[in-house]
Amino acid sequence: MTFNDIFKSSFLENVTSVSILDMVIALVLAFGLGMFILLVYKKTCNSVMYSSSFGVTLVALTMISTLVILAVTSNVVLSLGMVGALSIVRFRTAIKEPLDIAYLFWSIAVGIVLAAGMIPLAVFGSLLIGIIMILLVNKKTHVNPYIIVLRTENRDAESKATEYVGKNVLRYTVKSKTVTKGQIELNLDIRLKDDNTDFINGLAEMNGVTSAVLVSYNGDFMG
């Protein structure tokens, strides 16, 4: 058995199974669409801190998916081995924002579609998804919630303060009430009529009110 006989297998044939031009076009398009997904992610990111590493992951994931599918489509035997290899991979990173899952699947789907040669579907599908994401995520469908931490000296001051709050906000709900000797603390969940928060200054200046703190918060809530 000679050296040529050892490598006289499908290994050498697989080298030319995918043309250089196809690889370059697929990876360049994957990079371009990955950057488009990153741009949409930046436009729709509502997190307190923007994660640049997650944005880079979206671009890399698009290109990696394209690379893997190009290899799989070129060889049936390789595809079976790839499925077995990927089945042992476990990802332990927790996804804190539910919307991030959509971006991950979007990147993977674009890579798969590009490698399959469906370039128009990948391009126009990404454009349509990007437009929908920007319109839906940035659309304000609810009134921003706020919390007032109110401290008063007695019950009379509490009644006057809550009456004052009720006149200046859209609605309010008492979330908690803590009573100690000489002090009453209320946590009020409110919805503002507009973006004007000057009423909190008048609330803090009322007789019997020790302090009034207005806090904005984000999270799941019933509107």
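Ile-132 is partly exposed, with a relative accessible area of 39%; the term covers values between buried (under 20%) and exposed (over 50%), for a 1.4 Å probe and protein chains only. This residue belongs to helix H7, residues 119–137, where helices (H or I, at least four residues) and strands (E, at least two) are DSSP runs numbered from the N terminus. Together with Leu-128, Ile-131, Leu-135 and Leu-136, Ile-132 forms a nonpolar surface patch of about 510 Å² accessible area. Such patches join nonpolar side chains (Val, Leu, Ile, Met, Phe, Trp, Tyr) within 5 Å, each residue having over 30% relative accessible area and no salt bridge; areas follow the Shrake-Rupley method with a 1.4 Å probe.

The model is predicted: local features need pLDDT of at least 70, side-chain atom pairs count only at pLDDT 80 or more, and totals for chains, interfaces and linings use all residues. Residues are numbered from 1 along each chain as its sequence is written, and side-chain values use heavy atoms, leaving out hydrogens and water. The pLDDT, the predictor's confidence in each residue from 0 to 100, has a mean of 79 over the chain, and 74% of residues reach 70 or more. Among the elements, H7 has the highest mean pLDDT (91) and helix H1, residues 3–6, the lowest (50).

The chain contains nine helices and four strands, in the order α-α-α-α-α-α-α-β-α-β-β-α-β from the N terminus. Of its 223 residues, 27% are buried. The buried residues of H6 include Tyr-103, Trp-106 and Val-110. Gly-117, with a positive phi near 90°, follows H6.

Five salt bridges are counted, each requiring a side-chain nitrogen of Lys or Arg within 4 Å of a carboxyl oxygen of Asp or Glu. Arg-151 and Glu-185 pair at 3.1 Å, N to O, linking strand E1 (residues 145–152) to strand E3 (residues 183–192) across 34 residues. Lys-177 and Glu-158 pair at 3.0 Å, joining strand E2 (residues 169–180) to helix H8 (residues 155–168). Here Lys-177 is partly exposed at 46% relative accessibility, whereas Glu-158 is buried at 11%.

Arg-191 and Asp-189 meet at 2.6 Å, N to O. Arg-191 is buried at 5% relative accessibility, and Asp-189 is buried at 9%. These two residues and Lys-175 are linked in a salt-bridge network.

Methods. Patches are made of residues with over 30% relative accessible area and no salt bridge: like charges are joined within 9 Å, nonpolar side chains (Val, Leu, Ile, Met, Phe, Trp, Tyr) within 5 Å.
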